[in-house]
Each structure stands twice: as C-alpha cells, then as structure tokens.
Amino acid sequence: MEFHHNICPRNCYDTCSIVSTTRNGVLISVEGNPHHEYTSGKLCPKALDDVKKVYSPQRVRYPMRQRGRYSGFWERISWDEALNLIAEKILSLKEEYGTSLPLAMNKYSGNFGILHNAMEGLFTGIGATTRAVGSPCWSAGVEAQTLDFGTFFCSDPLDMVKAKLIWLWGVNPAWTAVHQMPIIFDAIDHGAKVVCFDTHFSATAARSHQFIQVRPGTDGLLALGFAKVLLEENLIDPELSVYTLGHKEYIHYLRTQISLKKCSEITGVPVSTIRELALEYGQTHPACIWAGFGLQRYTNGGQTLRSLDALGAFAGHLGEQGGGVQYAQFETWRFSEALQNPPHPIDQRDRLLNINRFSEEALSCTDPPVKMLWISGRNPLSQDGNLQQWKKLISQLDLIVVNDLFHTKSSGAADLFLPITTHYEHWDLNSSYWHYWVGVNEPAISPVGKARSDLQIAWDVSSRLNNLAPGSCTFPTSGNEKETLLRELGPQMLDILGLKKPEEILNGPVRAKFPCTAWENRAFATPSGHYEFFSSQAANAHLLPLPIFVPPLNPSIDAPFRLLTPHHHSTINSQVYALGAHNADFVLHLAPELAQRYDLVVGDRAQIWNESGQLEVVIQPELGISIDVLIIFQEKVEANSTLNCLIGTPLTDMGYLILGARGFALNETFVNLRKL
Ligand SMILES: Nc1nc2c(c(=O)[nH]1)N[C@H]1C(S)=C(S)[C@@H](COP(=O)(O)OP(=O)(O)OC[C@H]3O[C@@H](n4cnc5c(=O)[nH]c(N)nc54)[C@H](O)[C@@H]3O)O[C@H]1N2
Ligand SMILES: Nc1nc2c(c(=O)[nH]1)N[C@H]1C(S)=C(S)[C@@H](COP(=O)(O)OP(=O)(O)OC[C@H]3O[C@@H](n4cnc5c(=O)[nH]c(N)nc54)[C@H](O)[C@@H]3O)O[C@H]1N2
Ligand code: SF4
Ligand SMILES: [Mo]
C-alpha cells in the first residue's frame, strides 16, 4: 500500500488535506489528513465519495465529438483528432478575422488548483482573446472588505475558538464549511454564544443558540440599527479617532437617518431584539462576525458587507483575537502566476466580458463576433443566469470545447469533450480562501482512460498550434507538472510560507506565517492606513463613500415571491457527490401558511415562473421560512429542466474595482407560484 498527499480542489472554504491510499496502482481509499490542523483528519461526504467518482462508469474517459449539439450522439475520437480540430479552428478564425478575439474562454471554479490556470496561460499565449472576468460568487463582499480594510483578509479561522460571541451572518457552515463547525462547537464549550442570522431556519441556525430571521437583502440596515444602539448606549470603541477614518460622518448618518422603528419594520427583527443583541455585541469581547457569501448576492451586497464591517469597527472588535469581521482571504494566493503569463506574442488587449453576463455580452460583440468558446472548470448552462441568451450564443458559435470529468448541462451543448484527470491523477498546488494552509497535491494513480490534466491539454494545444503554424502560441508546448507548480512559488509566496526553497512544500501542507489575527495592530492597508468608514476610493469609483443602507429590489405583482437557491450539503455547485442518487424533481420549500393559501400540501406539484422561465416543483412546506420567500436548494435533480432558467443577471453594486466585473445578485430573483 502507498500513501499520497492530496488536496480537495473544490470551490469550498475548507480546501481539505487528504491522504489517499493506493494498492497496485489502484486508488482504494481517501481520508482526511490527521496532521493538518484545519482538516483535522476528517473529510466531508463529498470527498469521501471520491474513489467511486474516480472510477465511475459515468466518467468520460476518451475525447469525444458530438454529432449535433444536444443530440447525445457522442463518438470517441483520438487526442490527435481532437487537438487538430481545435488548433485548425483557432488558426482559421485568426486568419479570417485577422485577430484571435473570436476565441473565448469561460473558466471558473470546477477546480481551484493553481495548475488549472494553464487554460488562461494557453489563451494568453495565443494572443488577444475574449475572456470571462469577475466571479459569480463573492465579488461584492471582496470589494467591500477591500474598501474598508485595504485588502481582504480574515483571521485564521482556528482563532474563532477564542470568541465569546459568534454571529454567523448569511453563512451556512453546517453545510458549506463543515470543518468550521467543530471549531464553533469548541468555542461553545468554552462559553461562547452563537447567533445565526439567515432568511430561513438553516442547518446552521439549528445548531446555534439563537436564530434571527432577517428579510432578504436588509442585513445592512440591521447592522446600522445595531450601531445606532451602540451609539446611544455609548458602547463605541474610544480609539476610533486613532485608527479609523470617517467615523464622524458615519455617526452623523446613524444619528440623523437611522431609526430603530424603521429598521425593525424593514428587516423584520423586533426593536427589543435589536437592542438586546446590540448590547450583547457591544459588551462581549472577543466577538466575531462571520459574514457569508449568501448575504451579498444582492444589488446592495457590497453596501451590506460594508455595514457589517463598520459595525465591527464601531464596537472595537477589529483586530481582537477571536473577533473581527470574517469573510474570506486571498493573501495566501500570491503565486508568481508564471503559468498564466507566458510572453505575449502580439497586441494583448483581451476583450473582457463579465462572467455573470457572459452570454449577453458575447452576443453583443460584433467586431469581431465570438465564434469559438472553450469552457473549462465551469458549467455555465447550469450555474449562470439568463440561459435563454446562452442558447442564442451557442447557436452562433462554430466550435464549443468543454473539458470536464462528466457530462454536464454545458457539455450537452458542446462539439468536443476533452476528458480531464482528477486531482488523484495530476500534480497541483492548492490554497484556501478561508484558512491559511497551502499545499501540494501529488498524483496517486495514473490517468484513468485517456484523461489528461488541464495543464497537459494546454501544452498539447500549444504544441499542435506551433506544429501547424510555427510561432502561433507562446505557451510552452511541453513541460513537467511538478516543476511548473514549484515555479508558482516565487519569492513573495516563499516569504509568506516561511520557506527557503520551493521544494520544501513537497514535504506536506504548510501554514502561511501570518499572525492568527487579522488587523491585529489596527494598521490597515487602505490609502489612509486606517479603517475607512468613509472611503474616497469608493467615491472615486462612483460608489457610496459611506456604508449607508440601499434597499434591495422589490417583488412585483407578476412575480411576488423572492426565490432563494442556496448551496446544498450534497453538492458543490453543479458537482455532485452521490452520483446516481438524485431527487426526481426540484423541491420547493415554503412557509406552511403560504402553502395553505395556495391549497398545497406536501408532495403536491406546482409551477413557479417568471419572465426568464418556468419550473415544475414538488411542494415541501416548512417552518422557519417567511411568507414571501421560496427556497430551492442547489441539489442535483433528474428532471431535464434547470433551476437557473428562472434566474436573470442582476448585478451586485460592487466587484468592478477589485475583480474587474460586478458580482451576481442572484438572490434578487422573483417568481410567481401556481398549483398544478
Ligand atoms: N442558482 C444558483 N446558481 C449559482 C449559485 C447558487 O447558489 N445558486 N452559486 C454561484 C456560485 S457561488 C458559484 S461559485 C458558481 C459556480 O459555478 P461553476 O464555477 O460552474 O462551478 P461547478 O459547478 O463547481 O464546476 C463546474 C465544472 O467544473 C468541472 N471540473 C471539476 N474539476 C475540474 C478540473 O480539474 N478541470 C476542469 N476543466 N473542470 C473540472 C466540474 O465537473 C463541473 O462540471 O455558481 C453560481 N451559480
Ligand atoms: N456543501 C457545499 N459546500 C459549499 C458549496 C456547495 O455548493 N455545497 N459551495 C461553495 C461555494 S462556491 C460557496 S460561494 C460557499 C457559499 O457558502 P455560504 O457562504 O454559506 O453561502 P450560501 O450558501 O450562498 O448562503 C449562506 C446562507 O445565507 C442565507 N441568505 C441568503 N440571503 C440572505 C440574506 O439576505 N441575509 C441573510 N442573513 N442570509 C441570507 C442563505 O439562506 C444561506 O443559508 O460554499 C462553498 N461550499
Ligand atoms: S468539499 Fe470542502 S469540506 Fe469536503 S473535502 Fe472538499 S474541501 Fe473538504
Ligand atoms: Mo461560490
């Protein structure tokens, strides 16, 4: 038996360290690494299912070509044929249009390992191309925290154990960050109180001392309400004038514009509860707010997060051990990016399209139009909004290439499917956007079937391009995966990890040498060096300089219910762990009173619809959901329809400044309901 270090590369807070076991070259088990402080020897069921996934009969093992999009008539072809088709198309488009801009890449979070950025490197090596930029996930929050703190950085999540009060706000770690739960339970054992703020009684709410039901998109106002109480009760940090900027303007806003009565009416939280919670927050040290991604998926999402940050600063919780306002971090991602940046051959003005409006923006590109699309580590036909525009875009494309492990909604529309290796079959380098550990993923087995890694595919395409037209791509044509990953550890990353040589990372995961507590000495990375209640950067970017409340969108008569589609324990976005064991239909969770109003009982069929689309659902009345909200979790469903057919492309207020595109305000989705 042999043991190998692997890292779960999913878009998940935890980025777990895995020990895999092989016998005679066959993967036989995967377990959590007991020597990793965060993973602590445990994996979630999604990764524990990996052996089955690796050898699943549903896994695509060979390059395939589809005879007619959506036809399902896939035929096996050789890598040689696949690479020729791709390279010839790229070269003919370049010749026809005199530029490589008709070539588009849409890549995101199927695998967050650094070596998967090879696909971007390949495109950069070809020339100016059309790219998806931004994120469907966290943009508004990232920008808000960057405006407030200077960068977005959070304390080591292990530090949460020291908190005496933990507010889980718009986050559902019981499902989405399961390794944080034992830390929260430890804090509880040491006397901490846990309050969960959500729009419905989530799995995390069930594990908290108190649940506060907030009307969707109004959390920013609730935070301002708490701050108003702190102001009235003189529970504000006496040092504000030392390390913050703009607190006077903020206080003026609280004094003149925030009324607790109105705050209560809008947020749905009683005034007495607002007072009680604010006093608790002001008087308890350390107190930690964990602001999740759920609460910033709104048109006011950035302002909401800025209001939560401001509350933390106002009460003096920033920089305190076990306290602060936690969101996510990117400081352990300062890789050299050598892979993404091969030498540029020609004019490199990529055409950048917002990943959240990719299809619409691609359709509006006419000079030249987008003609070839490469989808890598993404499933936009499942995860994006505005699927009708996606259909239109697909019909105008000459070639669609998908590299993936399994067939997906997106590969259904593709011409070519390139089979990729799992993280048990290739080298990689992984960081977390939550904890501080960075590590190498080593191959445990040989590639299954004819699968190749994303990096190998990028080398192969470059090689074929250069064979057919020498000098047409500056991305390397071959290489060594291990050496490529070591090159990503430049001087800055070595310093962050406290390593002398890149090779030292091969010994096992390393924790970044940051102190446990973010902003410990209250020296911030903002232009002023202070925590910025008032942000000139925001003002310069035509955003609101202060964290004032901006209401979310309202339902209409035609679509009176807000539809929330949060993440589910059984999937990672469109990736499923229990392959084969799916619900037959989408399950609509709604308040029992609302079900009654529509004469619906458990198991009844209903339809929800709006101007984007319609979906048949099965009814599940449930306590803890407000009467104007409907919930469908992102579960895998056998039905042919797609949940996101109901979702448009509303954008968040923030994201452009830091990530190049505004985020996805997907919780601003409204639908109507009828019994079938
Ligand atoms: N309704 C609704 N829509 C949502 C969300 C929601 O909550 N509700 N959440 C949004 C959020 S937060 C996000 S982050 C996005 C995520 O959307 P995507 O980034 O599209 O994420 P996934 O569905 O995880 O992965 C996409 C594909 O990558 C493939 N993949 C896995 N490993 C690899 C690999 O090594 N290489 C390659 N090339 N492919 C690989 C997977 O099999 C999968 O088909 O969805 C967004 N869309
Ligand atoms: N099992 C599992 N784990 C995952 C994922 C997955 O799909 N499955 N996806 C990964 C990804 S890509 C991401 S982005 C993270 C997301 O993980 P989280 O940060 O936990 O975010 P969400 O699951 O989107 O939403 C969290 C909670 O916010 C609530 N919420 C929605 N709107 C509001 C609001 O206006 N106010 C308040 N207070 N709460 C609100 C939702 O009901 C939900 O319970 O999880 C990652 N981990
Ligand atoms: S999905 Fe998340 S919790 Fe599960 S093993 Fe992977 S990183 Fe860990
Ligand atoms: Mo996400």
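Reply: The domain bounds used here come from an automatic or database domain assignment. The model itself is predicted. With those bounds, the shell around ligand 2 takes at least three residues from domain 2 (139–328 + 516–540) and at least three from domain 3 (561–649).

In total, 31 residues lie around ligand 2. Those that come nearest are Tyr 13, Asp 198, Asp 219, Tyr 298 and Thr 571. Sorted by class, the shell around ligand 2 holds 12 nonpolar, 15 polar and four charged residues.

Next come some individual contacts. Arg 297 has a polar side-chain atom 2.9 Å from an oxygen atom of ligand 2. In the side chain of His 200, an N or O atom is 3.2 Å from an oxygen atom of ligand 2. Gly 170 takes part through its backbone: one of its backbone N or O atoms lies 3.3 Å from an oxygen atom of the ligand. Each of these pairs counts as a polar contact because the cut-off for two N or O atoms is within 3.5 Å.

How much of ligand 2 does the protein cover? On its own, ligand 2 has 900 Å² of accessible area, and the protein covers 99% of that.

The shell can also be read by secondary structure. Helix H6 (173–176), strand S9 (193–198) and strand S23 (571–572) are the elements that each give two or more residues to the shell around ligand 2.

Definitions and conventions
Residues numbered from 1 in each chain as written. Chains lettered and ligands numbered in written order. Predicted model: local features only at pLDDT ≥ 70, side-chain atom pairs only at ≥ 80, totals over all residues. Heavy atoms only, no water. Near = heavy atom within 4 Å. Polar contact = N/O pair within 3.5 Å; in protein donor to acceptor, adjacent residues only side chain to side chain. Areas by Shrake-Rupley, 256 points an atom, 1.4 Å probe, with all protein chains shown as cover. Helix = DSSP H or I, 4+ residues; strand = E, 2+ residues; numbered from the N terminus. Nonpolar A, V, L, I, M, F, W, Y, C, P; charged D, E, K, R; others polar.
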